[in-house]
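Please look at the sequence and the structure below before reading on. The report then moves from the overall fold to the charged side chains.

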Amino acid sequence: MFNGSKNIENFQELFAEVKKYLELQKEYTKLELVEKLSILFSMPIMILVVVVLALLALFYLSLALAYILEPYVGGLKFSFLIIGGINLLFMICMVAFKKRLFIDPMVRFLSNLF
């Protein structure tokens, strides 16, 4: 019913196919890991560039607003104080809502990535 040499050939072919499959799975895992790591390492760089550009824009917009407010508040120093207070208020809000603004999106990004 079972031919010994035929079974050995079938097992050898099956073993070769399983070995080939495992090698392909290993390559796929490597490629997947490289993709995930490249996304993971490029995201902080992109965020850093965007934050630096946003801070520069905020700086120049704050200066422009201070000069616009100057005639209405009685001097340049008072308008700079108002703008500084507004910026300080923004920083306090960021610290107060850091979990919702920074931590939760980062955790969601990492969980979606992996």
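What percentage of the residues of the protein chain count as buried? In this predicted model, the figure is 6% of the 114 residues.

The overall form can be described next. The protein chain contains 3 helices and 0 strands, and these follow the pattern α-α-α when read along the sequence. Whereas a compact globule of 114 residues would have a radius of gyration near 13 Å, the protein chain has 30 Å, and its C-alpha trace spans about 105 × 25 × 15 Å along the principal axes. The protein chain exposes about 10100 Å², of which carbon and sulfur atoms supply 75%.

| Salt bridge | N to O distance |
|---|---|
| K30 and E27 | 3.9 Å |
| E32 and K36 | 3.7 Å |
| D104 and K99 | 3.2 Å |

K30 and E27 both lie in helix α1, which covers residues 4–73, and they are 3 residues apart, about one turn of the helix. E32 and K36 are 4 residues apart in helix α1, so about one helical turn separates them.

How accessible these residues are can also be stated. K30 is partly exposed at 45% relative accessible area, as is E27 at 43%, and E32 counts as partly exposed at 26%. D104 is partly exposed at 28%, whereas K99 counts as exposed because its relative accessibility is 52%, and exposed means over 50%.

Terms used. Residues are numbered from 1 along each chain as its sequence is written. This is a predicted model: local features need pLDDT of at least 70, side-chain atom pairs count only at pLDDT 80 or more; totals for chains, interfaces and linings use all residues. Side-chain values use heavy atoms; hydrogens and water are left out. Helices (H or I, at least four residues) and strands (E, at least two) are DSSP runs, numbered from the N terminus. The radius of gyration is taken over C-alpha atoms; the globule rule is 2.2 Å times the number of residues to the power 0.38. Buried means under 20% relative accessible area, exposed over 50%, partly exposed in between (1.4 Å probe, protein chains only). Accessible areas come from the Shrake-Rupley method with a 1.4 Å probe; for residues, only the protein chains shown count as cover. A salt bridge is a side-chain nitrogen of Lys or Arg within 4 Å of a carboxyl oxygen of Asp or Glu.
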